[in-house]
Amino acid sequence: MPPSSNQSEIARAAAILRAGGLAAFPTETVYGLGADASNPEAVAKIFAAKGRPQDHPLIVHLADAASLPQWAEKIPPAAHKLAAAFWPGPLTLILKCAPGVPACVTGGQDTVGVRIPGHPLALELLKAFAGHSGGRSYSGVAAPSANKFGRISPTSAAHVRADFGDALELVLDGGECAVGIESSIVDLSRGRAVLLRPGQITTAQIAAVLGVEVESHDAAAPRVPGALDSHYAPHTPLYLVSAAELPARMAGLRGQKLAVLARAEAPSGLKDVFWQAAPRAVEGYAHELYASLRRLDALGCAEILVEAPPAVPEWQGVNDRLMRASSG
Ligand code: TXA
Ligand code: MG
């Protein structure tokens, strides 16, 4: 649906956010559950609605890079380079936080996560929200993925409603999220570039822009609640298996209802197996991944078997999500 047909919805969402309420909105990665990032009472509602532990930091979404200094300080040149290359887009930067950023946003740490999302509705909402009124200034929307804590992230408005029902006053509907997995997160707060969460933007793309190596999340990094936990799990036990192992695994589970997310079309003669063929290319695979997992999870199968995608750099983001979704 074209953004112009949503003007009144966008205005309503901005008004809800300014009044300290919650509004869900689409981004190019996944749907976000937004609150005014400068209002601790509003941000507290996010944690309550999601059932999320209070010490998990949130990403602050901005309409433009001009408002960055309100949230971050000692911004290194690397941040400006990555912002110029990838914003608006699926990249979150971790920077030293500016004084006054509420602890509920940072999880009490001295850093803040920021990004400018690349979705027209999100950008219109963020622009409509930013401004001054009643002596308060507004510029950032804190938003985690709009799912209940520990569940699969939503890539459509229907997914958001499935998790929250009528508990949310407003879910802006921007159709399916193009990217389908959460943003890549790069920590620039420690004088180096460290990838905390892989996404569509790869380590190689980030390194090419910066002209330096990008390190992977390591043991020396500050422990960030929420970054390492199993986070994307369906209810049904999910296992990653190679294409070669798949027939034997299926044979071993004969007689039980099974779901398979494969990279090939279904073989003939399957019984009690719900077989779904995923797109071959990584963009299509990521775009459909969470909707597929939600669909397969709802079938009430004994297991979901996922054919492991290639272990190559472009698939890092997808493989990371599948690892987290898997039961071991
Ligand atoms: O694509 C996305 O990033 C989506 C959309 C809605 O923008 N948001 C999202 O938010 O995935 P959430 O809350 O589900 O995941 C945010 C991640 C968490 O793993 C959190 O630990 C990390 O970002 N994070 C946020 N602030 C941080 C900080 N200051 N330092 C380190 N990690 C941080
Ligand atoms: Mg999340």
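Start with the largest nonpolar core, which has 50 residues. A nonpolar core is a set of buried Ala, Val, Leu, Ile, Met, Phe, Trp, Tyr and Cys residues joined through side-chain atoms within 4.5 Å, where buried means under 20% relative accessible area (1.4 Å probe, protein chains only). Select L82, L91, L93, V114, V186 and I206: these touch the most other members. Next, colour helix α2, residues 40-50, which gives this core its largest share, five residues. (Helices are DSSP runs of H or I, at least four residues; strands are runs of E, at least two; both are numbered from the N terminus.)

A quick note before you go on: this is a predicted model, where local features need pLDDT of at least 70, side-chain atom pairs count only at pLDDT 80 or more, and totals for chains, interfaces and linings use all residues. Residues are numbered from 1 along each chain as its sequence is written, ligands are numbered from 1 in the order in which they are written, with chains lettered from A, and side-chain values use heavy atoms, leaving out hydrogens and water.

Now click on V186. Beyond its neighbours within four places in sequence, V186 is in contact (heavy atoms within 4.5 Å) with L82, L91, T92, L93, I94, A193, V194, L195 and I206.

Time for ligand 1. Which residues are closest to ligand 1? Pick T29, R52, H61, S183 and R197, out of 26 that surround ligand 1 (a heavy atom within 4 Å). Strand β5 supplies the largest share of this shell, four residues.

Finally, show the side chain of H61: one of its N or O atoms is 2.6 Å from an oxygen atom of ligand 1. For R197, a polar side-chain atom sits 2.9 Å from a ligand 1 oxygen.

Key. Polar contact = N/O pair within 3.5 Å; in protein donor to acceptor, adjacent residues only side chain to side chain.
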